[in-house]
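Thanks for asking me to look through this one with you. Could you keep the coordinates open while you read my notes?

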Amino acid sequence: MSRAVIALGANLGDRGSTLRAAAQAIAAVPGIRPVASSHEVESVALTLDGLDDSKPRYRNGVVVVDTDLAPHDLLDALHRIEDDHGRTREVRWGDRTLDLDVIAVDDLLIDSGTLTVPHPRAGERAFVLAPWLDADPDAVLPGAGRVADLLDGLGDDTERVDEPRLFDAVPGSGSAA
């Protein structure tokens, strides 16, 4: 069994409901067991040209799971969940109903045509680091260091959303940590 960190994001539609539904869908995938989750945070949209406050703001969160799935199979399952939520992929880093990224799987280093873990930009994104730290205060980004230190160095420009943790509503999750 592997420990995986998954980042969730959305800036179209009912973002909070979408993130909570996606967390439930992740927990329901055979071979996945919820471990911990974050509260949601909100942030300015990041585009290929940088931060863009003219775009709808993002809601983000992180879930930590144990899984029997191989990393590429996990990614395939996440893509199916994105598709079920109307995700389209016409514009790189464009607006989206749901974005699910595999941030890390144990200490694995993977660089294939479809999956890179640890996620190559996770250490540069407060909207990943802040909720990850919320879900797991002892988190370490493989090859980069403690998530708390990375976030301190980067600065946290996210705003916490007053909603339950993403897995609080997942029946039988056993943890709302």
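Below are my numbered points, with the ground rules first.

1. Ground rules. This is a predicted model, in which local features need pLDDT of at least 70 and side-chain atom pairs count only at pLDDT 80 or more, while totals for chains, interfaces and linings use all residues. Residues are numbered from 1 along each chain as its sequence is written, and side-chain values use heavy atoms, with hydrogens and water left out.

2. The main core. Start with the largest nonpolar core, which has 27 residues (a core here is a set of buried Ala, Val, Leu, Ile, Met, Phe, Trp, Tyr and Cys residues joined through side-chain atoms within 4.5 Å). Leu-8, Ile-26, Val-63, Val-65, Leu-100 and Val-102 have the most contacts inside it. At least two residues of this core come from each of strand 1 (2-10), helix 1 (15-28), strand 6, helix 2 and strand 7 (99-105). Helices (H or I, at least four residues) and strands (E, at least two) are DSSP runs, numbered from the N terminus.

3. A separate core of 21 residues includes Trp-132, Ala-139, Val-147 and Leu-150. The last two of these, Val-147 and Leu-150, are also among the buried residues of helix 4 (residues 147-154), together with Ala-148 and Leu-151. Buried means under 20% relative accessible area, exposed over 50%, and partly exposed in between (1.4 Å probe, protein chains only).

4. Gly-155 follows the helix, with a positive phi near 95°.

5. Strand 2 and its partner. In strand 2 (residues 32-37), 5 of the 6 residues are buried, so the strand is largely enclosed by the rest of the structure. Strand 2 pairs with strand 6 (residues 58-67) in the antiparallel sense over 5 bridges; pairing requires that DSSP finds at least two bridges. Ile-32 has Thr-67 as its bridge partner. Thr-67 is itself buried, at 2% relative accessible area, and a polar atom of its side chain lies 2.9 Å from the backbone nitrogen of Leu-69.

6. A buried glutamate. Please look at Glu-42 in strand 3 (residues 41-43). Glu-42 counts as buried at 14% relative accessibility. Its side chain makes polar contacts with the side chains of Arg-57 at 2.8 Å and Arg-59 at 3.3 Å. A polar contact is a pair of N or O atoms within 3.5 Å; within protein, one must be able to donate a hydrogen and the other to accept it, and residues adjacent in sequence count only if both atoms are side-chain atoms. The C-alpha atoms of Glu-42 and Arg-160 are 6.3 Å apart, although 118 residues separate them along the chain.

7. A histidine to finish. His-79 sits in helix 2 (residues 71-84) and is partly exposed, with a relative accessible area of 29%.
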